[in-house]
Amino acid sequence: MAEMTVNDTNKDLPNDSPHRARTSSLFGWIKVMKKNRKAQVGFIIFVGFILVGILAPVIARYSPTATNFPPLEPPNAQHWFGTTGLGQDVYAQFVWGTRSSLIVGFGASAISTLFAVVIGMYPAYWGGYLDRVMATFTNVFIVIPGLPLMIVAAAYVHDSSTLTMMVIIGLTGWAGRARVLRAQILTLRNREFVWAARLTGASDRRILVHEILPNMLSLFMASLMYGILGAILAEAGLEFLGLGNLTGVSWGSMLYWANNGGALLNGAWWWLLPGGLGIAMFGTSLALMNFALDEVTNPRLRQMSTLSRDRIVRAWHALRGESFQ
Amino acid sequence: MRYILDRLGFLLISAWAAVTINFILPRLMPGNPALLMVDRYQGELGPRALAAIKLQFGITSQPMLTQYWHYLGNLLQGHLGISLTYYPVSVSHIIATSLPWTLGLAGTATVIAAILGTLLGIFAAWKRNLRTDSILTTGTTFTGAIPHQYLGLLLLLILSYHFHWFPVAHSYSASMTPQWTFPFAETVVYHSLLPAVTIVVPGLGGWLLHMRNNMIQTLGDDYIVFAQAKGVSPRGVMLRHAARNALLPSVTNFAMAIGFVVGGVLLVEVVFSYPGVGYQLFTAVQNEDYPLMQGLFLIISLSVLVLNFLVDLLYGLIDPRARRTGVA
């Protein structure tokens, strides 16, 4: 679909290269994103958060753990987001929290996407017994509820380092996406271009990397992004239950301390507000970019009108055909 | 029939997986975490309870396989052990008192979210690519990314602490005793309003998007064009032709939605101190009460598995194609 929409503004695309499938799906995504307002807004928010995370040491103004400010101050010129009950600067916590929440989100998503690929994609390509076992394994993991499993695992582990959190979240969050990737492989592995590659004697590895993967890039990106959102929500959930690293600063631990430090009783809305808003905004930016991806994989979502003229004509023929019978 | 057996088989396999995870996890961890727990509770427990707990968590010289058989045997007889937090109350008793609260809250919230989200999805598909659609999809995408605990805390802060419109905790007024009367039902509904809203709002987006995309997919089909051409009103095309067919795949969405709701309910119960399994799980984790934690994980998983099984059966009933090919 995306190849057909290539127009002269994109002359730099190598249309006749052997990697056309790859360029069409990745550039197709970028192209749809260029046209899609929602995706643009999402992209801008996304980049904004990344910048905040990277520049945390520069823009934080204060240490996020320093407790030498007056407690429970509403937002003012000194403390842009106010202070916590312990006299910490909420703005500094938000900025540093952005960094650590994003790190856990990206790390856990990388782990779970890796699992989704290995368990969902590879067996599906070869098919047979291994695929059936892995598909059942995946389906079992889909129905076992994720957060309770993470809670139990985290409670046994007794170690709340960033790496441990990433591994726990990553290991429990791959199943849904493995199924989506598997479904895609199943439709791709018998397409003409894959058979053509097979008949020319390409190795399985070559087919997977050069023929199938490029066509799954958009799905793969979607998987990665949903993984990040899921991981950040999961981390915030675990931290809220006191299972995270509560001496560190993240969006999740900000919520934990706001709840357990009396933000509600003192009406300290400024203490409660930023952490969750960060999660919701960042999650929204990921989802908005995913809309553009959906439209690449499903062109029908992109159509402006279902009643184009040739459709009406076709319907007329259908009507006539019926009346003749 | 084959379909039912197939689904039943899957239910058994997944139940076995949940049971086995429960058995393996504490034994998998470096330096059995149950040892610490036993040390902590040494003085408070009777020798028999202590021995039972050691057996339950693998602090024994028995071979793993014997322990596993023992564990399975105990489960089949309904022995989940004794809670350490509420010693000497059994885990089964705590589950029996907390599970109904969770099922009621989560069940009502899921049904409301499914109906409301699906209706909004139909509406968004109707107005596709217009402003209404854009506002609905973007808006529910945002609410879908709000962490449950955050929304709950915000509602508590504004509506309960500031305006005093809603209670701050628990599932019924402290001055009443649970009974099947109208005033009691009233206080239960009143106490569950905020928790239910907190579960429904983040859940809407999934249903809405799913239904909207299914609808748009369906609207491109030939029979829709045919219906439009033969003069069916736009409303009729939307509701009687498109929505009815787009609704089918939404049923499978339940499997995903249940997982999301369960995670949400756990957190919401903690925020509102709602006495369901989620709140008990939180208590168990805080007190390192591993027997209670295991039992709760098991019952939460099994409830979800059985619900999925029922939804699968329902799907097979309404869509004959599923009976032939099977839904994954």
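Tutor: Gladly. Helices here are DSSP runs of H or I with at least four residues, numbered from the N terminus. Just after helix 11 of chain A, Gly262(A) takes a positive phi of about 90°. Keep in mind that this is a predicted model.

Student: What makes helix 11 of chain A largely enclosed by the rest of the structure?

Tutor: Buried means under 20% relative accessible area. In helix 11 (residues 251-260) of chain A, 7 of the 10 residues are buried, so the helix is largely enclosed.

Student: Which residues of helix 11 of chain A are buried?

Tutor: They are Trp251(A), Gly252(A), Ser253(A), Met254(A), Leu255(A), Tyr256(A) and Ala258(A).

Student: How do you know where confidence is lowest and highest in chain A?

Tutor: pLDDT is the predictor's confidence in each residue, from 0 to 100. In chain A, the lowest mean is 45, in helix 13 (residues 309-324), and the highest is 91, in helix 2 (residues 37-54). The mean for chain A is 79, with 82% of its residues at 70 or more.

Student: Over which residues of chain A does pLDDT stay under 50?

Tutor: Residues 1-24 of chain A are one such stretch, with 24 contacts beyond four places in sequence. Residues 319-325 of chain A are another, with 4 such contacts. Where pLDDT is low, the predicted coordinates should not be read in detail.

Student: What is the mean pLDDT of chain B?

Tutor: Chain B has a mean of 84, and 98% of its residues reach 70 or more. For the complex, the predictor gives an ipTM of 0.87 and a pTM of 0.84.

How values were computed
Residues are numbered from 1 along each chain as its sequence is written. Chains are lettered from A and ligands numbered from 1 in the order in which they are written. This is a predicted model: local features need pLDDT of at least 70, side-chain atom pairs count only at pLDDT 80 or more; totals for chains, interfaces and linings use all residues. Side-chain values use heavy atoms; hydrogens and water are left out. Helices (H or I, at least four residues) and strands (E, at least two) are DSSP runs, numbered from the N terminus. Contact means heavy atoms within 4.5 Å. Buried means under 20% relative accessible area, exposed over 50%, partly exposed in between (1.4 Å probe, protein chains only).
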